[in-house]
Amino acid sequence: MDSQKKSRVVLITGAGQGIGHAVARTFLKNGDIVIGGAYTPPEQALQAQQIKADYPEHFFYYAVDVSNTVQIKQFVDNAEKLFGRIDIVVSNAGKNVFKGIDCDESDWEYNFNLNLRSHWYLAKCARSALKQSGGTLLIMTSNHAFSTLPGCAPYNISKRALLSLVQSLTIEWGPEIRTVGIAPGFIDTEGNQTWFDTHPDARLAREKTVRKHPVGRLGRPEEVGELCLYLASDNAGFIAGTTILMDGGRSAIMQDEDD
């Protein structure tokens with residue numbers, strides 16, 4: 001199709017819900033083609049099914065466990081077979097592994113495979129295609145990469161390591177491939193609502209969290225999508241090797257008030 005030839009091909013992991021879902025919709029609204037992947041099988045990925053219904057010729061979805069390198073490579077191979085190119089990769093998939101610094105070795109290994117190695121290996125698999133297209137690689141980390149809380153290890157450690165991954169990819173793969181990191185803070189997703197619901201009073205827990213943000217609200221997934229769209233554009237061509245923190249000013253507060 002002519003429209004597809006004019007569109008960029010965007011590979012997004014963690015596209016089944018939350019931030020990844022919003023990023024996918026943002027690129028699709030821009031007229032791009034999105035190849036999304038997530039852990040959930042297609043028949044159970046209800047939000048991905050809805051995107052497919054809305055953009056039947058521009059959205060494609062595969063089940064992929066990013067802690068499994070074989071599945072990562074297959075995901076990238078499938079994308080290249082579909083359109084013969086990849087212009088943008090949004091390496092977004094990850095999961096909170098809040099076990100504390102005294103976590104078991106199995107927790108440590110699972111966390112680093114999922115939250116660090118997966119981004120590195122996805123980049124390696126997509127390198128050839130991105131080099132040919134002069135593409136952009138966006139890596140999703142977290143505000144925990146800059147400052148964290150008790151009990152959030154080993155998650156925060158892997159997220160901090162992603163800052164260095166972004167730098168190394170930029171230095172060693174540029175100028176053909178431009179790499180930028182994005183560190184969202186408290187984004188109002190289904191996962192965070194689940195966390196609120198674990199409290200005796202979910203509404204009060206949300207209010208307390210909102211008060212810790214100088215902007216007076218939580219972030220919206222769509223805002224992360226818009227940032228990704230901008231960073232993948234030519235207008236952002238001089239942004240590379242850095243990680244952009246978007247946390248509503250949360251990290252500017254030296255100390256929380258007592259709950």
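Student: Which helix does Leu-122 lie in?

Tutor: Helix α5, residues 105-133. Helices here are DSSP runs of H or I, at least four residues, and strands are E runs of at least two, numbered from the N terminus. This is a predicted model: local features need pLDDT of at least 70, side-chain atom pairs count only at pLDDT 80 or more, and totals for chains, interfaces and linings use all residues. Residues are numbered from 1 along each chain as its sequence is written, and side-chain values use heavy atoms, with hydrogens and water left out.

Student: Is Leu-122 buried or exposed?

Tutor: Buried, with a relative accessible area of 2%. Buried means under 20%, exposed over 50%, partly exposed in between, using a 1.4 Å probe and protein chains only.

Student: What is Leu-122 in contact with, leaving aside neighbours within four places in sequence?

Tutor: Leu-11, Thr-13, Ile-72, Val-76, Val-89 and Ser-91. Contact means heavy atoms within 4.5 Å.

Student: And Val-89, on the same terms?

Tutor: Val-89 touches Leu-122 and Leu-11, then Ala-126, Leu-130, Thr-136, Leu-137 and Leu-138.

Student: How many residues has the largest nonpolar core?

Tutor: It has 30, and Leu-11, Ile-86, Val-89 and Leu-137 have the most contacts inside it. A nonpolar core is a set of buried Ala, Val, Leu, Ile, Met, Phe, Trp, Tyr and Cys residues joined through side-chain atoms within 4.5 Å.

Student: Which element gives the most to this core?

Tutor: α5, with eight residues. Elements that each supply at least two include β1 (9-13), β2 (33-38) and α6 (155-173). Another core, of 29 residues, lies apart from it; Phe-59 and Leu-227 are among its members.

Student: New topic, α2. How many of its 12 residues are buried?

Tutor: 11, so α2 is largely enclosed by the rest of the structure. Among them are His-21, Arg-25 and Phe-27.

Student: What span should α2 have, and what comes after it?

Tutor: At 1.5 Å a residue, residues 18-29 should span 16 Å, and the end C-alpha atoms are 17 Å apart, which agrees. The expected span is 1.5 Å times one less than the number of residues. Gly-31 follows α2, with a positive phi near 95°.

Student: Last one: what volume has the second largest pocket?

Tutor: About 210 Å³. A pocket is an open set of points on a 1 Å grid over the protein atoms alone, where a 1.4 Å probe fits, with protein on both sides within 12 Å along at least five of seven lines; lining residues have an atom within 4 Å of a point. The volume is the space filled by probe spheres set on the points, which are joined across faces, edges and corners.

Student: Which lining residues are closest to its centre?

Tutor: Of 14, Gly-134, Thr-136, Arg-178, Ala-232 and Asp-234.
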